[in-house]
Amino acid sequence: MNAQIEALTDTDPLRDSALYFNRELGQLDFNFRVLAQAQDPQVPLLERLRYLCISCTNLDEFFEIRAGTMRHAQDLGLAAGPDGLSPATVLARIHDRAAELVQAQYECWNQVLRPALGEAGVRVLARDAWTDPQTQWLRQYFQDEIMPVLSPLGLDPAHPFPKILNKSLNIVVVLKGKDAFGREGHLAIVRAPRSLPRIIQIPEEVSGGKHDFVFLSAVLSAFVDELFPGMQVKGAYQFRVTRNSELLVDEEEVDNIALALRDELVGRGYLRAVRLEIAEQCPDDIVRPLLENFDLTENAVYRINGPVNLNRVIQVYDLVQRPELKFPLFQQRVLPGVESMFDKIADGDVLLHHPFDAFTPVLEVIRQAAEDPNVLAIKQTLYRTGKDSSIVEHLVQAARNGKDVTVVVELRARFDEEANLGLADRLQEAGVQVVYGVVGYKTHAKMLLIVRREGRKLRRYVHLGTGNYHSGTARGYTDFGLITADPDIGNDVHLIFQQLSGLAPLIKLKRLLQSPFTLHAGVLKRIDRETRHAKAGKPARIIAKMNALNEPQVIRALYQASQAGVQIDLIVRGACTLRPGVAGISDNIRVRSIVGRFLEHHRVYWFANDGAPDLFCSSADWLERNLLRRVETGFPVLDPDLAARVFDEALVNYLADNVNAWQLDSDGDYKRVVPEENAAPHSAQARLLAKICG
């Protein structure tokens, strides 16, 4: 069998590794497009600062997850993926490309944004720019607020190198002289507790400026000598280590996944190191032992011309109330006064396009369900909710009101594991039945089901979404939500909840596609249908919007469709491993990425189907994990008017964007789309703001 597979691989030209980009490198390159927003003078200044911080935070997460996973793959000797690159090769290219990104980030900060902010009256002061009054105030601040919580550690045989927490701020100090015990000083480590603010605002009466700030790292470096009286500080260099943060819980081998995750979370901050950031001027004889201590190679060190935790300057965005330096506020569209959400939904499906439409109808339907005596049961999936979620409050109240409430809490939602463990505890204490999903499959589907008695019958009301049940992200992410009382959709969602809370019986759905069972096959089937239509001489087209694309079978199906003449437009925000524009293979495929004010997050698949279009919204990207290793849903928008809205607002509109769009070429480079001569600028997000928010 293996020989047959190898022979097929050798003979199938669509499996050629040259036709596939690398996902990790594609994800890394997305941050250059984010950084371009920070470099764009047309973007308001504080928003440019925010984009810079987003690119830095994204890079942190990339190293914690993607680079960490790739190093793990290298250790295990795993084979190359469809792109033919070994894990070792990918890691080397990651470090090379990340070095370019880091250099661009700090050039943007040092040469562009910091000076521009200063001219606008928002000063982030470097040490060499401090005035005498500022220095005096900062010294006193250090003595009163910082020094009492520091615990400097001299390195000697009795004090080995300490454990360094993931992404924590540290100073390595080079000392000369003897301490009180007569010990020769050499090196010391000063760790900044996370309780200390990373950005310090100097009072206006001291500094003379209303918005004057300094980094904690600058203050620590300036006054670190006060921690070592009687000794001479020869150098102080800030550093930060990034560690693999992917939790590896063998769900098949544990009796209780919640307890296992709690144990794993304790040690997450001290997993294997993947990157070292250190001050640019730090001598090599200090860097080498650090690399040795963290078991890192030379290319994993990044010498930084500025603060190692640059993303912390995002606090300035929040502290400075200067509306003229930010995007204009907008008023989200709200449903007109609705006394009963159930009456509204019974009259017809409700489509919400966030953030242009407010998230309040979703909150309101849950609130009304919690209070309505005719509501018998509520079932919901929760992946990310945010702190102090009103949804959780409503679910707790519903349980206290005697309703049967079942919540599928995904404990493995990355970086929200601890919050979700607390959420699960809170719900269980209120009498909610909490389910942790299916072993081996993250529950990523966004579903709400309400069962209500109406006369002698029970009626199901459903909300399905492309985004999370998180009020905060609903204000910053583009997503669709559908609220419907369609009986077929309601029954499908009911069956999926039964599957999640029971022993996963095989189910047959009428309207929904579901991973890991029918969504992957359903996408392939519809791509193949377009291929057959094209071969029969019929018009054939596919338009799909998502966050990322890497599933090899889907890509090969798209190549085959392109070869048959199907016109394919893909709007992929992040990594896309499909190579467009290859003659004879993908010359009918176009790939674009949109980076704008809001994070593009909705997933929409549209297939022309010979004049009877198929349109699905989904929680799933066309990634291997989403289509094959997660619980996801793809849901149709059955109302023709609402389906037309989705098609126009999320597909046609975004294909027309010539302001925030980037086109992927066959070499893997993204080129910014610019308006053609005499063409008016078209921003998809701006159009939606004007159309929906007025």
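This is a predicted model: local features need pLDDT of at least 70, side-chain atom pairs count only at pLDDT 80 or more; totals for chains, interfaces and linings use all residues.
Residues are numbered from 1 along each chain as its sequence is written. Local features need pLDDT of at least 70 and side-chain atom pairs 80 or more, while totals for chains, interfaces and linings use all residues, and side-chain values use heavy atoms, without hydrogens and water.

Reader: How much space lies in the largest cavity?
Author: A cavity is a set of points on a 1 Å grid over the protein atoms alone where a 1.4 Å probe fits but cannot get out. Points are joined across faces, edges and corners, and the volume is the space filled by probe spheres set on them. For the largest cavity that gives about 120 Å³.

Reader: Which element gives the largest share of its lining?
Author: Lining residues have an atom within 4 Å of a cavity point, and 16 residues line the largest cavity. Strands are DSSP runs of at least two residues (E) and helices of at least four (H or I), numbered from the N terminus. The largest share, four residues, comes from E17.

Reader: What distance separates the end C-alpha atoms of helix H15?
Author: The expected span is 1.5 Å times one less than the number of residues. H15 (residues 487–501) has 15 residues, so it should span 21 Å. The model agrees, with its end C-alpha atoms apart by 21 Å.

Reader: Which kind of pair do Phe161 and Phe294 form?
Author: Rings of Phe, Tyr and Trp (its six-membered ring) pair if their centres lie within 6.5 Å; planes under 30 degrees apart are stacked, over 60 edge-to-face and the rest tilted. Here the centres are 5.8 Å apart and the planes at 90 degrees, so the pair is edge-to-face.

Reader: How many residues apart in sequence are the parts that this pair ties together?
Author: Phe161 lies in the loop between strand E2 (153–154) and strand E3 (170–176). Phe294 belongs to helix H9 (residues 284–294), so the separation in sequence is 133 residues.

Reader: Is Phe598 buried or exposed?
Author: Buried means under 20% relative accessible area, exposed over 50%, and partly exposed in between (1.4 Å probe, protein chains only). Phe598 pairs edge-to-face with Phe330, and Phe330 is partly exposed at 26%. Phe598 has 4% relative accessibility, so it counts as buried.

Methods: On a 1 Å grid over the protein atoms alone, a cavity is a set of points where a 1.4 Å probe fits but cannot get out, and a pocket is an open set with protein on both sides within 12 Å along at least five of seven lines; lining residues have an atom within 4 Å of a point.
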